[in-house]
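Please open the structure in your viewer and keep the selection panel at hand. The stops below are arranged so that each selection leads to another.

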Amino acid sequence: MPATIEHIEFHGQPALRLRTRAGAVAVVSLQGAQVLSWSPPGGGDRLYLSPAAVFDGRTPIRGGIPVCFPQFADLGKLPAHGFARTARWSVVTERTGDDFALLTLGLSDDDATRAAWPHAFRAELGILIEDSRLDLELEIENTGAQALEFTAALHTYLGVREVEESRLEGLHGFEYRDKAAGNTIRRDSGDVVLIEGETDRVYHGVTRPLLLREYDRSLGINADGFPDVVVWNPWVERSAAIPDLPDDGFRRMLCVEAAAAREPVRLPAGETWWGRQTLVAL
Ligand code: TA6
């Protein structure tokens, strides 16, 4: 059977299911253009979707890969992580070949976005599954007459067997802002990042691919266009305080996000910016 893209309902909400001939599968919600699940051929889901996630078409969905735009976290006046994750995106293209499925979703400014953020824009997210790879490319076009600025992220919730036994490699030597320690600036000095407590870091100017190692599998994480990497795990107390995350949910997830967060992206009128994150199951 060739690759397919089907329109489905997922927890009662409109979504699309991408499938390749080799057996890779991804589910993408129209709310937020959010990838909710991705399994490479012959393997289980490599993303974490909270069993307590809310699917009401309005609330941000806890897990998968939320698209944060035009604001990352609380770096501005908009609601946390901006409005793209709660907006309804539309289908731009669906393309399948023998071995790949590619879906592009789009979002443009409207009265509601302009009331919150007075800019004209066009966002597109391309979602490609091929072999053991998931590739996301976010493109932002300034369709207005004035320059605009934004911060953004692909807020990827990776699924892990046990977070304390996971090792994230590739961040040695990079400077980061440590939000869990009052936003102090630090430099990573370990060979690997281990999660042993609340972790909320924005690594600056990361130029290397990363590797997430677990005892029986690994995941390559690469980014292009996004200068920063965010590593987030809420740990025991924050996890218990987040209503749409089970108390032990932090054990099954690790967010490794491709972000433009340290400095806003400045986009002159008529110009386009893009950023990409690629996951490869190993
Ligand atoms: O990317 C890390 C972060 O900004 C954290 O500070 C944490 O709050 C998280 O995102 C989740 O944010 P949310 O608004 O989805 O609860």
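Begin by selecting C68, which counts as buried at 0% relative accessibility; buried here means under 20% relative accessible area, exposed over 50%, and partly exposed in between, with a 1.4 Å probe and protein chains only. The model is predicted, so local features need pLDDT of at least 70 and side-chain atom pairs count only at pLDDT 80 or more, while totals for chains, interfaces and linings use all residues. Residues are numbered from 1 along each chain as its sequence is written, and side-chain values use heavy atoms, with hydrogens and water left out.

C68 is in no disulfide, and its nearest cysteine sulfur, that of C255, is 9.3 Å away. That separation is too far for a bond.

**The nonpolar cores**

Next, select L18, W89, I127 and F150. Within the largest nonpolar core, which has 67 residues, these four touch the most other members. Such a core is a set of buried Ala, Val, Leu, Ile, Met, Phe, Trp, Tyr and Cys residues joined through side-chain atoms within 4.5 Å. Strand β20 (residues 253-267) contributes the largest share of this core, six residues. Strands (E, at least two residues) are DSSP runs, numbered from the N terminus.

Centre the view on F150. Leaving aside neighbours within four places in sequence, F150 is in contact (heavy atoms within 4.5 Å) with F69, P70, W117, I140, P264, V265, L267 and W273. A second, separate core of eight residues can then be picked out through members including A73, V230, A259 and A261.

**An enclosed strand**

Select β16 (residues 199-203). How many of its five residues are buried? Five of the five are, so the strand is largely enclosed by the rest of the structure. Both faces are covered: T199, R201 and Y203 are buried on one side, and D200 and V202 on the other. In a regular strand the side chains alternate between the two faces of the sheet.

Now show the partners of β16. Two strands pair if DSSP finds at least two bridges between them. Strand β13 (residues 175-178) runs antiparallel to β16 and is joined to it by three bridges; here Y176 has Y203 as its bridge partner. Strand β19 (residues 228-233) pairs with β16 in the antiparallel sense over five bridges, and in β19 the bridge partner of Y203 is V229.

**The four-stranded sheet**

Move to the open sheet of four strands, ordered β1-β2-β3-β4 with antiparallel pairing. Each of β1 (4-10) and β4 (34-39) stands at an edge with a single partner strand, so one side of each is left without a neighbour in the sheet. From one strand to the next the twist averages 20°, with axes fitted to C-alpha atoms and angles running from 0 to 180 degrees between N-to-C directions. Seven bridges pair β1 with β2 (residues 13-19), and L16 in β2 is the bridge partner of H7.

**A buried glutamate**

Finish at E214, in the loop between β17 (210-213) and β18 (218-224). E214 counts as buried at 9% relative accessibility. Beyond residues up to four places away in sequence, E214 touches G159, V160, R161, E162 and S166. A polar atom of the E214 side chain lies 2.6 Å from the backbone nitrogen of R161.

Notes:
Polar contact = N/O pair within 3.5 Å; in protein donor to acceptor, adjacent residues only side chain to side chain. Disulfide = S-S within 2.5 Å.
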